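Have the structure open and follow along.

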Amino acid sequence: MRSWLSVGVLLAAGIGSASGQDAGSDAYAELRAPAMAAYEAGETQRAYTLFEGVFAQIPDADPAERAATAFSLGILAHQLEDHARALEWLERGFALHEVAGTAPETYAQYVAYAGMVSAESGEPDLAIAYFRRAVEQGPHGEDTLEWRASTLNQLANSLHAAERYGEASDSRRASLAAYTQVYGPDHAYVGVVLEGLGEDVLADGHEAQAIDARREALRIALATREAGDLTIVTLAGTLASQLAAQEDTDGLGRMADLVEAHTRNDRHRARILSEIANHARVAGLTGISADLNIRAHEAAAADPQTPPEFLAIYLLNHATGVQDVSGYAAALPLLEQHYQMVRVHDGEPGLRTAAASERVWTALFRLSRFAEAEANARERLEALEARADNPATEIARAYENLALSIHEQYRPTEAGPVFARALEVLEQTDRGEHIRASLLDAYAIHLVFNGDRDEALAIARRNMDLRGEVYGSDTPSYARGLYTLAVVQRRLSMNDAALGSLAAAQAIYEAAGPNEAAGLFTVLYQRAELMLEAGDLAGAEALLASAEAVIPAGRPDQRRDWHELSGRILRSQGRLSEALGHYRESLAMRVAQDGPQGRSTVFPLLSIAATLRMQGQAAEAEPVVRRVLETHAAYGVTTGSDVGAAWLELATILNLLGREDEAREAASRSHALLADVWPRGTHRRAIADYNRGHVALLQHDYRGAEPFMRDAIEDMRQAPGRSDIHLGIMLNSWGYLNERLGQYRQAAAAYREGLALREGRLSNDNPALASGRAFLARTLIDHLGEPQEGLNLFRQASGGLIEGIVLRAGTAADDGVDGIEFARKDAFFTAHLEALWTNAQLDH
């Protein structure tokens, strides 16, 4: 007895056709003919209806024929995706089983078919029952071993779906043994079952077993499946993902070797290796990812039939891997090669060409090769604007890149209109929100340094709103907006608000994990700068150490920034030789990136000059700071706070060299430049006024210093986000000025206020704190007749410096020259204090 559907249908369902009555003696052939014709014509619904009529006309006295027709109706209902009705018909066939005398193997095949229908219906428990029944009641012989293997595998699938993973793996192993007995250990079916076994044992918590099963399945798949079969890529990706999650770089390497050994087609090998590399990169395993991308590119290049667009993708992946491991400088030649390759096949104004060009621009920009980046952006912009379809988002991006390149070359009057033009282009489309966010981000920073600061704050807040709407307020993109807002807030002396923005950004980046390390570095760096400004040197140093730990290998710009801030912190601690080493390292990196005459060299050069001056090497420092001014001028930069800072440093150096007239002129130029940038009432204008007065104070021009000092202190008291450390320094100098003018009570009041602001913020061994205590003590003893308080202050100053000597001189071998320098300096100062203290005792 058999189902009267074609044998092909039965085989497709995995069911053999049992022999029974043959068509020549079929009493119902004429009755069944229209239904069979409809089925063969592809009219499944009509065939089903006609077979229902056939079933109704078959007498109960012929149970075998009724069973065969019920099974046919079950198959037709299944093909019509009516699973419930299919199972109903199959069950009717099963009910007739014993009476009809259905052969056991045929019965078992239809029971397994019912299991398949149940599994497709999302009823794993019912499917399990059918499959078990089929295995238990089916034949056990050599000729049915393949069927048993298939049914055991389907049973395992249903057990897995029911989360009965241990039972699933047992069934899968039984299937594996059967298939191996029939076909041997290297057959395709064996590989398929091994894939399932890998899923079972992994779900049951046996990761190592899953890796072994998947690796063997991959070996068999490579040997048996057609080259180009994407199921192999999927299997390789699954295994690679598991190995990458365990950070098993050796396992990934062995897997790649397996692929190399068993893949018969170069292009297919490249595709699989690229898939493994991608999973490694996502997991942060940049070293193995870069190696695999190199191997993938080599494999693709070895096949002369690899389409150019595919080869370009492999080259890009290769470049990206090199960038991850060795940085932009090493990747740039590969990125440029990829750009030229795409340009040939995509056309001059093609969007793929534009994307490749932008990658080159990014590398140039990160390497501070801003002039080359500008040329790249102009070339891309010209090509994009020539396109007939006017791709507004890409054009806006090109304008943004051009504006950034100009901005970094200190041509703010040129950069501003280009930023504005980029925004204008974006208004032509309702797309490109991610580009709009990036543009607002860059424009806000440009404005706060070179334009309307209130507008910068408004744009930074608009940027935040847009990023929250487009990306969500818990995303790295939103964190980037918070960072930009903090930069603007800090520039506006809103330091508390800036710290709040940075804390929120840091929380998002930390939650995002290693892939957002570059963003986390920028936040930690900015927080360390704010701590340094507030005088918390230990906190700044600790934060910067945390920042160093997250610098990605491909970000030399962040490594350079770390050197520069390290130098500033160490210099503030008096560790001048160490600071100088960091500044020279930063200078070397900038020269390597931008050339010896590069505009970017001015920053480490100015720091080197200041450090040399602090070491008492003013003569060596002067040519360095003049080189800074010459470099500014060579780029047409003669105004702004950067130039003002250089003139101030020159004034300080000239004063030390005894060239007072030149020093006054330099200080005047510095103040004029800084005053032009910072209006009265701001934190940074207060510092500029103070520095101008301080130069006069050093030259004993007390009346000339007085108005600048007074304005500076008045503005600093009221400035938003003021620094108590800076105000304390100003008040200490103000006290000294009043003391020189004979205004002793005013001097003592200024000294007291300066100490109150700095005590608790500076460590007890800080020489600046000792200096403030000593100045107040001298005034109290020598001029105000208050010896006891003065002596107590001298003791505090001396005790603090002795702490410093013990701390620094005790580790002089570790600190090197700086430790010795500190010990000598503090010992001298302490001896001076002790002499004053002794004299005070004799006098009083």
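Here is a short briefing, sorted by topic. Keep in mind that this is a predicted model. Searching the whole structure turns up 56 salt bridges, and a few of them get a closer look below.

- Start with Glu-216 and Arg-219, whose side chains form a salt bridge with an N to O distance of 2.5 Å.
- Both residues sit in helix H12 (residues 207–224), and because they are three residues apart there, about one helical turn separates them.
- Glu-216 has 32% relative accessibility, so this residue counts as partly exposed.
- Now hop to helix H36 (residues 702–718), where Glu-706 and Arg-710 are four residues apart, which again means a separation of about one helical turn.
- The side chains of Glu-706 and Arg-710 meet in a salt bridge too, at 2.8 Å from N to O.
- Are these two partners buried or exposed? Glu-706 counts as buried because its relative accessibility is 13%, under the 20% cut-off, while Arg-710 is partly exposed at 38%.

- Arg-281 pairs with Asp-324 in a salt bridge, and their closest N and O atoms are 2.5 Å apart.
- Arg-281 belongs to helix H15 (residues 266–282) and Asp-324 to helix H17 (residues 308–326), so this pair ties together parts that lie 43 residues apart in sequence.
- Asp-324 is buried, with 16% relative accessibility, whereas Arg-281 is partly exposed, with a relative accessible area of 37%.

**A network of charges**

- Which residues are linked in a network of salt bridges? They are Asp-257, Glu-260, Asp-266, Arg-269, Asp-291 and Arg-295.

**A buried asparagine**

- Asn-153 is part of helix H9, which covers residues 145–161.
- With a relative accessibility of 14%, Asn-153 falls under the 20% cut-off and therefore counts as buried.
- Leaving out residues up to four places away in sequence, Asn-153 touches Arg-172, Ser-175 and Val-193.
- With one of these, Arg-172, the side chain of Asn-153 also makes a polar contact of 3.0 Å.

**Helices that pack together**

To describe two packed helices, you give the angle between their axes and the distance between the axes.

- Helix H29 (residues 556–572) and helix H30 (residues 576–594) have axes that come within 8 Å and cross at roughly 155°.
- H29 and H30 count as roughly antiparallel because their angle is over 145 degrees.
- The crossing of H29 past H30 is left-handed.
- Residues making this contact include Trp-562, His-563 and Leu-570 of H29, along with His-582, Tyr-583 and Met-589 of H30.
- For helix H37 (residues 724–740) and helix H39 (residues 767–782), the axes come within 11 Å and the angle is roughly 25°.
- That angle is under 35 degrees, so H37 and H39 are roughly parallel to each other.
- H37 also passes H39 in a left-handed crossing.
- On the H37 side, Asn-732, Tyr-736, Glu-739 and Arg-740 take part, and they meet Ser-771, Gly-772, Phe-775, Arg-778 and Thr-779 in H39.

How values were computed:
Residues are numbered from 1 along each chain as its sequence is written. This is a predicted model: local features need pLDDT of at least 70, side-chain atom pairs count only at pLDDT 80 or more; totals for chains, interfaces and linings use all residues. Side-chain values use heavy atoms; hydrogens and water are left out. Helices (H or I, at least four residues) and strands (E, at least two) are DSSP runs, numbered from the N terminus. Buried means under 20% relative accessible area, exposed over 50%, partly exposed in between (1.4 Å probe, protein chains only). A polar contact is a pair of N or O atoms within 3.5 Å; within protein, one must be able to donate a hydrogen and the other to accept it, and residues adjacent in sequence count only if both atoms are side-chain atoms. Contact means heavy atoms within 4.5 Å. A salt bridge is a side-chain nitrogen of Lys or Arg within 4 Å of a carboxyl oxygen of Asp or Glu. Axes are lines fitted to C-alpha atoms, for helices over the stretch in contact, and angles run from 0 to 180 degrees between N-to-C directions. Angles under 35 degrees count as roughly parallel, over 145 as roughly antiparallel, 65 to 115 as roughly perpendicular and the rest as oblique. A crossing is left-handed if the near helix is turned anticlockwise from the far one by less than a right angle, and right-handed if clockwise.
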